[in-house]
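Okay, thanks for coming, everyone.

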2 protein chains.
Amino acid sequence: MLSNHLQNGMETAKLMWSRLPNNEDGDDDDDGVGFLKKNDGSSVESLDYEVIENYAYREEQAIKPEGTGLAAVLINISVENFAGWKYSLTFSIIQKSYVAGFIVYVLINLALVFSSVYIITQFAPAAAGSGIPEIKGYLNGIDTHGILFFRTLIGKIFGSIGSVGGGLALGKEGPLVHIGACIASLLGQGGSRKYHLSSRWLQVFKSDRDRRDLVTCGCAAGVAAAFRAPVGGVLFALEEVTSWWRSQLMWRVFFTSAIVAVVVRTAMGWCKNGNCGHFGSGGFIIWDISGLEYELSLNPVYGSSFFIVCWPSNQSSFSGQEDYSFRELFPMAVIGVIGGLLGALFNQLTLFITRWRRNYLHRKGNRVKIIEVCLISVITSVISFGLPLFRNCSPCPESDASSGIECPNAPGVYGNYVNFYCGRDKEYNDLATIFFNTQDDAIRNLFSAKTIHEFSAKSLLTFLVMFYTLAVVTFGTAVPAGQFVPGIMIGSTYGRLVGMFVVNFYQKLNIEEGTYALLGAASFLGGSMRMTVSLCVIMVEITNNLKLLPLIMLVLLISKAVGDAFNEGLYEEQARLRGIPLLESRPKYQMRKMTAKEACGTQKVIYFPRTIKVADIVSILRSNSHNGFPVIDHSRSGETLVIGLVLRIHLLVLLQSKADFQHSPLPSDLRGRSLPIRHSLSEFVKPASSKGISIEDIHLSSDDLEMYIDLAPFVNPSPYVVPEDMSLTKVYNLFRQLGLRHVLVVPRASRVIGMITRKDLLMEDNEDSATVELQPTSVRARYRDRRVPTRNPDPQHPLLDGLVV
Amino acid sequence: MLSNHLQNGMETAKLMWSRLPNNEDGDDDDDGVGFLKKNDGSSVESLDYEVIENYAYREEQAIKPEGTGLAAVLINISVENFAGWKYSLTFSIIQKSYVAGFIVYVLINLALVFSSVYIITQFAPAAAGSGIPEIKGYLNGIDTHGILFFRTLIGKIFGSIGSVGGGLALGKEGPLVHIGACIASLLGQGGSRKYHLSSRWLQVFKSDRDRRDLVTCGCAAGVAAAFRAPVGGVLFALEEVTSWWRSQLMWRVFFTSAIVAVVVRTAMGWCKNGNCGHFGSGGFIIWDISGLEYELSLNPVYGSSFFIVCWPSNQSSFSGQEDYSFRELFPMAVIGVIGGLLGALFNQLTLFITRWRRNYLHRKGNRVKIIEVCLISVITSVISFGLPLFRNCSPCPESDASSGIECPNAPGVYGNYVNFYCGRDKEYNDLATIFFNTQDDAIRNLFSAKTIHEFSAKSLLTFLVMFYTLAVVTFGTAVPAGQFVPGIMIGSTYGRLVGMFVVNFYQKLNIEEGTYALLGAASFLGGSMRMTVSLCVIMVEITNNLKLLPLIMLVLLISKAVGDAFNEGLYEEQARLRGIPLLESRPKYQMRKMTAKEACGTQKVIYFPRTIKVADIVSILRSNSHNGFPVIDHSRSGETLVIGLVLRIHLLVLLQSKADFQHSPLPSDLRGRSLPIRHSLSEFVKPASSKGISIEDIHLSSDDLEMYIDLAPFVNPSPYVVPEDMSLTKVYNLFRQLGLRHVLVVPRASRVIGMITRKDLLMEDNEDSATVELQPTSVRARYRDRRVPTRNPDPQHPLLDGLVV
């Protein structure tokens, strides 16, 4: 069928294409290593390449997770130290004067926040916000400019320290996911070239697929570091951020998360000995609401009294968590509904505010952004300091020596019952306990068991309203900002409110308000972010209590359902707002009524002939912005044949290097010359941290323009094709499942050369199978005993082939 | 391009094809509901269908998990009662005579095992073994006859009770996975028709995809029920059994698992009050090796003394698990290596034995199978009773009133330090503690903390060798048999051996042998089954100790790597042995050097014309065993066009019903008649529990044979096509990722009608995106503002569209 010279050209094409790193069939396993079919039949190069790849992966895995883990530790140590120092200083000053303390408090916060917003606006604008929508977009195929730069990483780390330490209503968990992705991507391309931090032997991740895998691992590492939740990290990567999941990825992601968790744990163990200043047991959110806070046993101040909680007399706090009655399911469902409503409202409000900011406020320049954030910082400080002042102190509860709970405590250190602006000694300020505190400690206090009636409904309600408003206003400012911790704060506040109501109403002793607070936190996150499995596992891992799993699931189910009735999840809304159009996993409904041809529209396809004048390439590339062009050739019988697809980026590299220019318009293989490979693979790699080359950057002399290029070696010889009248839903599935970038729409075939079925793809000698009755799922078996010509030289292929590194 | 009458024919084809339930594009979302493009533009039917589907899913989810959960509870209650009763009886008899006790013990075991093997051989042969390889094959596309029948379900349940209760060296966890899948599938098709247990309103899961999803949920439910590990169940389904994963499945699977966990928990709570005889806290394997066995707090016998374990003086057992030194990592790595070696050896030995059984022993009929199992039962009884007799008893350790550990205990009840054939009162038999006991209790004893030096190395070694041999021999007999529990037994034995060595060698107090036993269990399972993430999570969930996660991962990593050096995982080996050729997720290496055309081989493609004589269909179907046939038609210009693919099963239904036979050889739409739809959808459904129809079953009169059928309404109008010279790796990915059954190989296209890119598939008005710099991952952005003609009437599509039920 194919004429000889075409066949030759295509062989060359396959050989060369297999070596191009930026080929466009995203998840296609063969393309990184390639469809190598040299004429002499050797495949050594391909093997080598794979070996290098595996080797590199191993190396990388040993390094990157530690990077993420250490970044997480660095941020936590810094935040805890800044915050701890801030609170101790403020607290020591307010012993003398509340006014001076107030001023110091506001100024410290302002300084920290200003440092953050200054770094972001001047140095790393892409580091603002949580970064999760952008990473999600990246893994879906949309590269927002700058999100994986080295400067973004630095900006994110130091910006997070400033914004979280400065007491704004935001968290450090989203940024940690972004940081993990940045570290992974930078290590993947061998460090940042611009800042001379590159290392040659790391530069082995050439293809988009490898980089995408790395970024996925990085996201999981970020979650694992933020919450010390390795399994939650894996599921977060799987459920929320990735668009294409390969089974080989599972173990890699899991391995990365585990290493991160170990690194974080090791660092924390080291810090427990007092090496890290204020950073001790706090900082990393692990709330143990079972009352058994043995995590804290080495804390020199509070440790000694903690284990007493698990005396037999206190057993109710153990089984109290588990032993819920069916009556309690109703208030829990109510929590779910509240979470769905407040979460959806949060998404909607932040969407409006962010849109307004983008369209009006932030257009006025960086100065406005800085002023805005500083203003918010001052407001936050005033509210968190001022509101507790207006709150009357409550007397400490009957002290139970065995409960290990002290009253009162100083603010800013671990513990409930914060004494703030109280007249007498044995009093505490319940609003200050949650408001005038680091967020992690506030959450720990909200989650705490055995502290029934610690908070008054009025305080909780005040806090809920104020903090919700602050969180909405803070979202979208030019600082790194995560939504996990604010969400948990909001959720646990109303959860505890419901819990208080339940305690009063049901008059049952073993109901813990802390459990309700936890469920509230889950419900708000579910209502806002709409994650399910991963959120559930993260909540379980951070509370270290597997028994609450069914309750958390129930609440999440309800809140997600309620939230979905109003709008999309936070990340999807924000991604759309930022112009990151995510390709969803399911085709849209109206695609059912369309064909592939209709989707292409009326736009004319621009063909390239196999051998083309350089001037023509330049003019075509200038005249449109297509990314791929079909290449056609004529067989000897004069028939036109599509020999493949050439990508714009590859054409640009060819034009820039000029190495393949030739004087003759004849294909090189027709001129009797074997095609020399003049390009190294790395030339075709688009670095992650640059914008790539554009046609305007390339300057060609008029002599160059008169020359020709034989495109055959550079085309993708077999892009995926669909017949013109295929349902667009099917096209969508093909596109989405394989992670493609281009699908060619071709006319309906006039004949069928063959059919490939399951049997044709099973290349093994199944000697035993002949004895068994074998039946494909829906149709009767075919006892065809035809063997594929090539026998399997290596039958040892485990199902998860690439898992072991 | 297409002539008018062809176009018409294809419209009809699309309409009808969309209604065929057994269409062959497995995971294709549009096909169940269809590419509905009626000429009048209405799509009411399609909507209705979807509504029904959603409704049905909701109903089913409320019922099936409970089924699986209840089955699990039933099995556990039965097993625990039989075993408990057996051991109490034996124990009461041996107070008088060891010989009589021995005889009773052997006979009870024999009776239980005989009942099991009798049920299996006579009633449900497909219920033998673990069932996981078969389920895995089913989800990969291979339907082993009978695995999802109702009788298999019943056989599996009662067979498991007999074989596990009878003390064989096998577990009930694998069978529970199979049971979950059976229940799911049966509920999916609306109960078993044969046994009049069907219910009409359940029969809504028509397509293969729905049934596959259900079976996946069932597997997860099985694991969740077996281990009370809902997250482990989800990951098991994801990592081990499914071949195609849809994001919508995630939440459904998770939901199912959680419901099962709740059902099991509820049932256990009810049983704790003594309603279930011997079944109390045992049975479900939850081993809490932290020393904090508060799960057992309500156990009337042992409960009272348990909470004392968490007195401050015993804190070392808490942090002792977590506070491992780096020196300990070496023995842990050794455990991983041992696990890999023993696991691979186990796979190899069972493979040999199973092959021998299949080829020689089991060919001789059911009688041989029964005798074989009974023989094994007697041997097992003799060894487990006899060996401890030869073992000298050890004196009880210094009794620590606060440790809550009693010595000695009676065998067969929960507790360490079993007194068996000991002369004095204060003695125990360490071999009987693990051997002469139910497996769950034995594992609990092996895992137990605070019992250093309970077991002697000699006993453990004896047990390891004997039990390993028994497990190998028992595997593959005609009883339901899981490998989890035997694997855990074997692994924890050598793990504890290593632990003993470490305790002696390092002389460190806070090393727990129980922790090493746990790691050993993980390593053996990893070395045998080669699961990673799911196994890790299951181990964590059953031990309820998140802190061991990094250690378990380390051990699993090593053991899987070591095992992979020798052979494939247990399930893959067994699947291949049983003739279930699994399509792996990665293409084989040699596919890189092949094209699609080469894979098709030289076999001639058999075309069907659009209108074909019935006699021709019959002769073609008789002459070969193909499952799909391309259908061609001629346009008015005489050009041949492939109009689609017709499936053998649909042809058989057409031949059987005869409703579409016509006298004229002209296509029906040419004769001016609109095509009436004479078939209901359900006719095309292949029931899961029958073999389907065969061409030999269809009897046609000679008049019938002379008639014609217009195939156009019944073809799949747009099967996926690949060009002839596409790399087989790419074809494999297409096939595997989309879960296809047929791919048509067509000639290289002569022209391109259009290109579909990301932008063409994003059907939404992104008003905000214009303001942002947008850049696809590897190439520069195209600011094409062309809109797809159809506007989106409903922009509220969350990313995980179908999650909320």
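Predicted model: local features only at pLDDT ≥ 70, side-chain atom pairs only at ≥ 80, totals over all residues.

Residues are numbered from 1 along each chain as its sequence is written, chains are lettered from A and ligands numbered from 1 in the order in which they are written, and side-chain values use heavy atoms, with hydrogens and water left out.

Chain A first. It has 27 helices and 10 strands; those are DSSP runs, H or I of at least four residues for helices and E of at least two for strands, numbered from the N terminus. Of its 805 residues, 68% count as buried, where buried is under 20% relative accessible area, exposed is over 50% and partly exposed is in between, with a 1.4 Å probe and protein chains only. The accessible surface of chain A is about 26700 Å², and 60% of that belongs to carbon and sulfur atoms; areas here are Shrake-Rupley with a 1.4 Å probe, and for residues only the protein chains shown count as cover. Now contacts, meaning heavy atoms within 4.5 Å. Among those in chain A between residues at least 6 apart in sequence, 77% join residues at least 24 apart.

On to the inside. A nonpolar core is a set of buried Ala, Val, Leu, Ile, Met, Phe, Trp, Tyr and Cys residues joined through side-chain atoms within 4.5 Å. The largest one has 262 residues, and A:Phe254 and B:Ile552 are among those with the most contacts inside it. What does B:Ile552 touch, leaving aside neighbours within four places in sequence? Its partners include B:Leu518, B:Cys536 and B:Met539. There's also a second, separate core of 44 residues, with A:Met726 and B:Leu761 among its members.

Next, annotation. An unreviewed UniProt entry lists "transmembrane region" for several spans of chain A, including 98-120, 249-268 and 460-478; positions are in the numbering used here, feature names are shortened, and annotations may be inferred rather than shown by experiment. Residues 249-268 of chain A are 100% helix, with end C-alpha atoms 28 Å apart. For residues 460-478 of chain A it's 79% helix and 0% strand, with the ends 29 Å apart.

Now the charged pairs. Side chains of opposite charge can pair when their charged atoms come close. A:Glu572 and A:Lys136 make one at 2.3 Å, N to O. That pair joins helix H21 to helix H5 of chain A, 436 residues apart. Buried or exposed, then, for A:Glu572? A:Glu572 is buried at 9% relative accessibility, and A:Lys136 is buried too, at 3%.

Another one is A:Glu372 with A:Arg357, at 2.1 Å. A:Glu372 sits in helix H13 and A:Arg357 in helix H12 of chain A, so this bridge ties together parts 15 residues apart in sequence.

Last pair: A:Asp430 and A:Arg391 meet at 3.1 Å, and both are buried. And going back to A:Lys136, shared partners put A:Lys136, A:Glu240 and A:Glu572 in one salt-bridge network.

Note on methods
Salt bridge = Lys/Arg side-chain N within 4 Å of Asp/Glu carboxyl O.
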